[in-house]
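Q: Please take a close look at one part of this model with me. I would like to understand a pocket and what surrounds it.

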Amino acid sequence: MAVVIVVGVQWGDEGKGKIVDLLTEKARLVVRWAGGANAGHTLVVDGKKYVTRLIPSGILRSGVTCVLGEGMVVDPAVLVEEIRTFRAQGFITQDRDLVVAERAHLTLPHHREIDRLREERPGSIGTTKRGIGPTYESKAARIGLRVGDLFRPERFRARLERHVTAIAPYLHELGGAAPNAAEIASSYLALAEEIRPFVGDASRTVHDAIKRGENVLFEGAQGVLLDLDHGTYPFVTSSSTTAGGACAGLGIGPTLIDHVLGIAKGYATRVGDGPFPTELSDATGELLRKRGNEFGSVTGRPRRCGWLDLPAVRLAVRLSGIEALALTKLDVMAGLDRVRLCVGYRLNGRTLDEMPLDADDLAAAEPVFEDLEGWPDAADGAVPPGAARFVARVASLVGIPVWATSWGPGRLQTVVEHNPFAG
Ligand code: GDP
Ligand code: IMO
Ligand code: MG
C-alpha cells in the first residue's frame, strides 16, 4: 500500500487531472485538501472530455471514493451541478463514492460578489472570481459557515445572521448589495438535500483507509507557486498548495505519507496576473497557447505561456519534498526547432538556483537560458530522441527523476516509468 501526494509544481493547470485519473487505477481513495471551484481539471477518456471542479479526478473509476477534505471551500451550487453531471454520465452510483467534509467551509453568494467587485478595482490579482479568497477570509475571521451547518437549519440561520451582520459593512464599502440572509438560507438548505448523503468526517475516512492499508492518492489543486505562504505573493491563491497542506487540510499526520510526486508542463503557463519571467510574448508563445489549447477551463481566459522555469521547479520541489516529476504536454512542443530551459537567475551579479520570491528581486532577476534541440511529432508512440534528451536534462538540472511523460490529453497517451502504487 502507499499514500501518495501529487502536486502541480508551477502556477496550476499542469495536467494534474489527467495524471491523477491515470494513477487512480490503483488507488482506493482520491482526496482533495484545499481550494475550491477555482480548480478545473480536465480528463479525457476514450475521446470523451470531463472537467472536475470540486470533485477529485478519481471520479471516473468505479470502486474509488473521492473525498473533499476539511481544508477545502465548497460552493454548494457548483457541487450539486457537478454531482448531477457525473451522475447523468453513469458515475457516482453509490453514496460511498463521494465524501464531503462537514468541516469544509461554504462559499456564499456574496463571497463571489466580493471577489468580483475587488477584481474590478485597481490592485486586482486576476482571480477566478469564484469567491475563494473571501471564503477563506471569513474562515480565518471565525465568521464562516461550514458544510455541517447546513444540516442544523436553526443553527445555520443564526450563524448566517451573525455572518451577514459582520460582512455587510465591507460589502457596502465595495458598492455591493447587503446579502439577504433569508434568501441564502432558503437556497442553501435546498441544495443541502442533494449533498446530504455524502457529508461526513473526511479526516476520519481517510485516516481509517490508510490504516486499513488502502492506496490513497492526494490530488493537489492549483500549483506550488500559487501557495499562500510560499508562492509569488500577492499573486497567489488563498490556500496551502504545497504537499504539507495535504496533512493540514485533512488532519492527517505527516508520518502517514509515503511519497510526494510533482507534475510540470514541458513549458510554463500562468493564468491571471503576477510575475512570469520566462513568459513568451511572441509567436512561439502564441503557438504553445494554440497547440496546447491554453485557455482556462474555469474562466476561459487565455493562459500566458513561456519556457520551463527550472529555478521555479527547484523551489517547488524543495517546498513540497517532491521525489520525482511527471512532464506533460511534450507533444505540444513538438515541431519547434529549438526549445529553451531557464536554468538559473542572475541578480545583482550573483547566480541563483531557485526563483527569488520577493516581488522586487523577481522583477530585477534575469533568467539564464540553455537551448536544446527540438523534436518532431512522436510517431507510433515512440519518444523522439530530442524529447528524451530534454527530459533527461530536466531531471539532471532539478536533481530528481522524471517518473512519467505525457504526450496528449488522453489517459493512454502517457509513458509511465514508475507507478508509485506498483509496489
Ligand atoms: P490541471 O488543472 O492541472 O488538472 O490541468 P487542466 O486540466 O486545467 O489543464 C491541462 C490541459 O491540458 C487539459 O485540457 C488537459 O486535457 C490537457 N493535457 C494534459 N496533458 C496533456 C498532454 O500531455 N498533451 C496535451 N496536448 N494536452 C494535455
Ligand atoms: P487548477 O487546480 C491555474 C490562480 C488564478 C489567480 C490566482 C488567485 O486547475 O490548476 P483565486 O481564484 O484562487 O483566488 O485566484 O490563482 N488560480 C489558478 N490558476 N489553475 C488553477 O487551478 C488555479 N486556481 C487559482 O488565476 O491568478
Ligand atoms: Mg486546471
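By class, how many nonpolar, polar and charged residues are in the lining of the largest pocket?

A: The lining of the largest pocket has 16 nonpolar, 17 polar and 11 charged residues. Here Ala, Val, Leu, Ile, Met, Phe, Trp, Tyr, Cys and Pro count as nonpolar; Asp, Glu, Lys and Arg are charged; the others, Gly among them, are polar.

Some ground rules come next. This is a predicted model, where local features need pLDDT of at least 70 and side-chain atom pairs need pLDDT 80 or more, while totals for chains, interfaces and linings use all residues. Residues are numbered from 1 along each chain as its sequence is written, chains are lettered from A and ligands numbered from 1 in the order in which they are written, and side-chain values use heavy atoms, without hydrogens and water.

Now the pocket itself. Its volume is about 800 Å³. It has 44 lining residues, and Ile-125, Thr-127, Thr-128, Val-236 and Thr-237 are the closest to its centre. A pocket is found on a 1 Å grid over the protein atoms alone: it is an open set of points with protein on both sides within 12 Å along at least five of seven lines, and lining residues have an atom within 4 Å of a point. Grid points are joined across faces, edges and corners, and the volume is the space filled by probe spheres set on them.

H4 gives the most, with six residues. Helices are DSSP runs of H or I with at least four residues, strands are runs of E with at least two, and both are numbered from the N terminus.

The pocket is the space taken by ligand 2. A molecule sits in a pocket if more than half of its atoms lie within 2 Å of the grid points. Ligand 2 is surrounded by 20 residues, the closest being Asp-13, Lys-16, His-41, Thr-128 and Thr-237. To count as near, a residue needs a heavy atom within 4 Å. This shell divides into seven nonpolar, 10 polar and three charged residues.

Polar contacts come next: pairs of N or O atoms within 3.5 Å. A polar backbone atom of Gly-40 is 3.0 Å from an oxygen atom of ligand 2. For a backbone N or O atom of Gly-126, the distance to an oxygen atom of ligand 2 is 3.4 Å. For Val-271 it is 2.9 Å, again from a backbone N or O atom to an oxygen atom of ligand 2. Taken alone, ligand 2 exposes 550 Å², and the protein buries 98% of that. Such areas come from the Shrake-Rupley method with a 1.4 Å probe.

Ligand 1 sits in the second largest pocket. Of the 18 residues around ligand 1, Lys-16, Gly-40, Thr-42, Asp-331 and Ser-406 come nearest. Helix H1 (16–23) and strand S3 (41–45) each supply at least two residues of this shell. H1 has the largest share, three residues. By class, the shell around ligand 1 has three nonpolar, eight polar and seven charged residues.

Asp-13 is one of the residues closest to ligand 2. An N or O atom in the Asp-13 side chain is also 2.9 Å from an oxygen atom of ligand 1. A backbone N or O atom of Lys-16 lies 2.8 Å from an oxygen atom of ligand 1. Taken alone, ligand 1 exposes 580 Å², of which the protein buries 92%.

Asp-13 has one more feature. It lies in the loop between strand S1 (3–8) and H1. Its phi is positive, about 60°, although Asp-13 is not a glycine. Most residues other than glycine have a negative phi.

Terms used. Polar contact = N/O pair within 3.5 Å; in protein donor to acceptor, adjacent residues only side chain to side chain. 1 Å grid on protein atoms, 1.4 Å probe; cavity = no way out; pocket = protein on both sides within 12 Å on 5 of 7 lines; lining within 4 Å.
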